[in-house]
Amino acid sequence: QQRQHYEEQGFLVFKRLVSEDKLERYRQRFEDICSGKVEKSGMLQVVRDVALRKETVTSGDRVTKLQNYEDDEVLFEYPHLEEILHVVKPICGPNVKSVHTMLINK
């Protein structure tokens, strides 16, 4: 049933697949990158919403996405999590590769 949904809709949703502790680690890293607390690594791109440039919002709220985070030692843990691979491998096969990484801030 899940495979059929994936074939028809192009996505699957698994609630609470990754623990809150791990998600908090990635949220904190996102905030640290956005605020400049940690240096951007490699080809990491921070994309900001120009419409919010003059608004009084926190640094992370102005960022719409991070792209190319393959060189970030914390964020790139996420696609390697066994919880994620356990779901992805049955669909894509055992030889899973990352082609592009993007963290979208919603």
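In helix α4, which covers residues 82–92 of this predicted model, the residues Ile84, Leu85 and Val87 are buried. Seen down the axis of α4, these buried residues fall within an arc of 165 degrees, so they line one face of the helix. The face of α4 turned away from that buried side carries the exposed residues Glu82, His86 and Pro90. An α-helix has 3.6 residues a turn, so residues three or four places apart point the same way.

**Helices and what follows them**

- After α4 comes glycine 93, whose phi is positive, near 100 degrees.
- A positive phi, of about 85 degrees, is also taken by glycine 36, which stands just after helix α2.
- The buried residues in α2 are Tyr26, Arg29, Phe30, Asp32, Ile33 and Cys34.

**The sheet**

- Three strands form an open sheet in the order β1-β2-β3, with antiparallel pairing.
- The edges of this sheet are taken by β1 (45–48) and β3 (102–104), each of which has a single partner strand, so one side of each is left without a neighbour in the sheet.
- Neighbouring strands of the sheet are turned by 15 degrees against each other on average, direction ignored.
- Strands of a sheet pair through backbone hydrogen bonds, either parallel or antiparallel.
- Between β1 and β2 (residues 63–67), the antiparallel pairing runs over four bridges, and valine 47 has lysine 65 in β2 as its bridge partner.
- Between β2 and β3, the antiparallel pairing runs over three bridges, and leucine 66 has leucine 103 in β3 as its bridge partner.

**How helix and sheet are placed**

- Helix α2 (residues 20–35) lies across β1, β2 and β3, and the direction of α2 runs at about 100 degrees to β2.

**Confidence in the prediction**

- The chain has a mean pLDDT of 87, and 90% of its residues reach 70 or more.
- Among the elements of the chain, α2 has the highest mean pLDDT, at 94, whereas helix α3 (residues 59–62) has the lowest, at 62.
- Where pLDDT is low, the predicted coordinates should not be read in detail.

Conventions: Residues numbered from 1 in each chain as written. Predicted model: local features only at pLDDT ≥ 70, side-chain atom pairs only at ≥ 80, totals over all residues. Heavy atoms only, no water. Pairing = 2+ DSSP bridges. Helix = DSSP H or I, 4+ residues; strand = E, 2+ residues; numbered from the N terminus. Axes fitted to C-alpha atoms, helices over the stretch in contact; angles between N-to-C directions. Contact = heavy atoms within 4.5 Å. pLDDT = per-residue confidence, 0-100. Buried < 20%, exposed > 50% of the residue type's maximum accessible area, 1.4 Å probe, protein only. Arc of directions from axis to C-beta.
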